[in-house]
Amino acid sequence: MRSQLLAWWHEQRAPRAIQIAAALIDDDAGRLLLVRKAGTEWFMQAGGKIENGESPLSALRRELSEEIGLVLADDDARYLGRYSAPAANEPGHTVEAEVFHVRMQHDPATRSEIEEAVWVDRVTATTMPLAPLTRNYILPLSRTL
């Protein structure tokens, strides 16, 4: 019994990959929409965990609606790829992000766990506390779109 308990404890502490869908949302003026979850300091993309049996695009649509009140049409999101980075709010874990590009002007309504949503230019974004995925992948990607 003790060995089973120790095995369970080690499994719970082991780093794991968190599967998420995230949106690089920009507008025609070159600004990015970044969000910050309640009780955290890191700005990142809107999006979230992919539930069992859910496609990345379905997860993205659900999360954007829940977090910032954005409803996507079928052709509003373009797949950019899969990126891995340390999780900003879950130390010792990584995120495996399916990233989509969404270009539109949206007045975000912060909901769910989102405390703050801001439109910023790329220069301003570099001065903010950013999640590793945002700093290492999203900002460089945004310059190519």
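**View 1. E67 on helix α2.** E67 lies in helix α2 of this predicted model. E67 is buried but forms no salt bridge. K37 is the nearest side chain of opposite charge, 5.3 Å away. The side chain of E67 does have a polar atom 3.0 Å from the backbone nitrogen of G47. Beyond four places in sequence, E67 touches A46, G47, A109, T110, R111, S112, E113 and I114.

View 2. Helix α2 covers residues 56-68, which makes 13 residues. At 1.5 Å a residue, α2 should span 18 Å. Its end C-alpha atoms are 18 Å apart, in agreement with that expectation. Buried positions in α2 are A59, L60, R62, E63, L64, E67 and I68. An α-helix has 3.6 residues a turn, so residues three or four places apart point the same way. The buried residues of α2 pack against β1 (17-26), β2 (32-37), β4 (46-49), β5 (77-86), β6 (94-103) and β7 (114-120). Just after α2, G69 adopts a positive phi of about 70°.

**View 3. R36 in strand β2.** R36 is found in strand β2. Its relative accessible area is 12%. The cut-off for burial is under 20%, so R36 counts as buried. The R36 side chain reaches the backbone oxygen of T40 at 2.9 Å. Leaving out residues up to four places away in sequence, R36 touches E41, W42, F43, E113, I114, E115 and E116.

**View 4. E98 in strand β6.** E98 has its place in strand β6. With a relative accessible area of 10%, E98 falls under the 20% limit and is therefore buried. The side chains of E98 and Y79 are joined by a polar contact of 2.5 Å. Apart from neighbours within four places in sequence, E98 is in contact with I20, A21, A22, I50, P56, Y79, G81 and R82. E98 and A23 are 75 residues apart in sequence, yet their C-alpha atoms are 8.6 Å apart in space.

**View 5. Confidence across the model.** Mean pLDDT for the protein is 92. A value of 70 or more is reached by 90% of the residues. Confidence is lowest in helix α1 (residues 2-13), where the mean is 59. Confidence is highest in strand β3 (residues 43-44), at 98.

Note on methods: Residues are numbered from 1 along each chain as its sequence is written. This is a predicted model: local features need pLDDT of at least 70, side-chain atom pairs count only at pLDDT 80 or more; totals for chains, interfaces and linings use all residues. Side-chain values use heavy atoms; hydrogens and water are left out. Helices (H or I, at least four residues) and strands (E, at least two) are DSSP runs, numbered from the N terminus. The expected span of a helix is 1.5 Å times one less than its number of residues. Buried means under 20% relative accessible area, exposed over 50%, partly exposed in between (1.4 Å probe, protein chains only). Contact means heavy atoms within 4.5 Å. pLDDT is the predictor's confidence in each residue, from 0 to 100. Lys and Arg count as positive and Asp and Glu as negative; His and the chain ends are not counted. A salt bridge is a side-chain nitrogen of Lys or Arg within 4 Å of a carboxyl oxygen of Asp or Glu. A polar contact is a pair of N or O atoms within 3.5 Å; within protein, one must be able to donate a hydrogen and the other to accept it, and residues adjacent in sequence count only if both atoms are side-chain atoms.
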